[in-house]
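I opened the model to look up a few things about its fold. My entries follow.

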Amino acid sequence: MGEDAELVPVEVVGVRQHLADDEIVVLLLDPDSELLVPILIGPSEASAIASAQAGIVPPRPMTHDLLRDVLLATGSGLTRVEITRLEDGVFHAELVLETGPRVDSRASDAIALALRFGCPVLCSAEVVAVAGIEVRTTTSEQDLERFRRFLDVVTPDDFGSGDEPGEDTRAD
C-alpha cells in the first residue's frame, strides 16, 4: 500500500450471520466516522475470529494459531494489519511484520491474526468511506451505554452514607 494512503484504526465488533441469506460478516467499526464496515467471510474464518474474540484456546493449534506460533518461533511478531483496498467486492489486506516485511492476506485471515496478536487493525479511509454503513444509535441506547460505562468505574465508596459532612443528623 502506498505510504500516502490514509489509514484509520478500526474496532473488530464481531461476527454476525444474516439468517435470511446465510451470509456471515465480520464487522469493523471506525469510531471517529461512526461507520461500520461489513466484510463477507466464510464459516471457518468466522469461527477463527469469534473464538479469538472469546479467548478460546483450542487443544491443538488451528491454522491461525499455527501461523502465529510460526511467526513467533522465527523471531517475528505482527505489528498491525491493514485493510488496504476493495476491488470487485473483495477486501484486500496486508500483514505488517515486526521484522519489516509486508505480506498479502485476505482481510478475514488478517483480522483473525490481529486478534491473536492483540495488534491494531487499520483500514484505508477510502475503504471505510466506500463500504461503510452509518451506525445509528438512539438516544436511549446512548444513555444506556453511558450508564454501563459509569457502572464499570463506580465503587461503593463513591456513594456517601447519606450524611453529608457538617450536617447535623441528630433528631430534634
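Which residues of the largest nonpolar core touch the most other members? I looked them up: of its 33 residues, they are Leu28, Ile39, Ile83, Phe91 and Ile111. The largest share of this core, six residues, comes from helix H3 (residues 107-117). A nonpolar core here is a set of buried Ala, Val, Leu, Ile, Met, Phe, Trp, Tyr and Cys residues joined through side-chain atoms within 4.5 Å. Buried means under 20% relative accessible area, exposed over 50%, and partly exposed in between (1.4 Å probe, protein chains only). Helices (H or I, at least four residues) and strands (E, at least two) are DSSP runs, numbered from the N terminus.

A note on the source. This is a predicted model, in which local features need pLDDT of at least 70 and side-chain atom pairs count only at pLDDT 80 or more, while totals for chains, interfaces and linings use all residues. Residues are numbered from 1 along each chain as its sequence is written, and side-chain values use heavy atoms, with hydrogens and water left out.

Next I checked phenylalanine 91. Leaving out residues up to four places away in sequence, Phe91 touches Val37, Pro38, Ile39, Ile83, Arg85, Leu86, Ala107, Val127 and Ala131. Contact means heavy atoms within 4.5 Å.

**Helix H2**

I went through H2 (residues 63-73) and found His64, Asp65 and Leu71 buried. Seen down the axis of H2, the buried residues fall within an arc of 125°, so they line one face of the helix. The arc is that of the directions from the helix axis to the C-beta atoms. Thr63 and Ala73, on the other side of H2, are exposed. The cover over the buried residues of H2 includes helix H1 (43-54), strand S5 (90-97) and H3. Glycine 75 follows H2 and has a positive phi, near 85°.

**The sheet**

In what order do the strands of the open sheet run? I read S6-S5-S4-S7-S1-S2-S3-S8, eight strands with mixed pairing. Strands pair if DSSP finds at least two bridges between them. S6 (102-106) and S8 (133-134) stand at the edges with a single partner strand each, so one side of each is left without a neighbour in the sheet. H1 packs on the sheet and touches S1, S2 (23-30), S3 (35-41) and S6. The direction of H1 makes about 115° with that of S1. Axes are lines fitted to C-alpha atoms, for helices over the stretch in contact, and angles run from 0 to 180 degrees between N-to-C directions.

I then followed S7 (residues 121-124). S1 and S7 run antiparallel, joined by four bridges. Proline 9 has leucine 122 as its bridge partner in S7. S4 and S7 run parallel, joined by three bridges. Here valine 81 has valine 121 as its bridge partner. Val121 and Cys123 point one way from S7, Leu122 and Ser124 the other way, and all are buried.

**Two single residues**

Is glutamate 82 buried or exposed? Glutamate 82 counts as buried, at 2% relative accessibility. Its place is in strand S4 (residues 78-87). The glutamate 82 side chain makes a polar contact with the arginine 102 side chain (2.3 Å). A polar contact is a pair of N or O atoms within 3.5 Å; within protein, one must be able to donate a hydrogen and the other to accept it, and residues adjacent in sequence count only if both atoms are side-chain atoms.

Last, I looked at leucine 7, in strand S1 (residues 7-18). Leucine 7 is partly exposed, at 26% relative accessible area.
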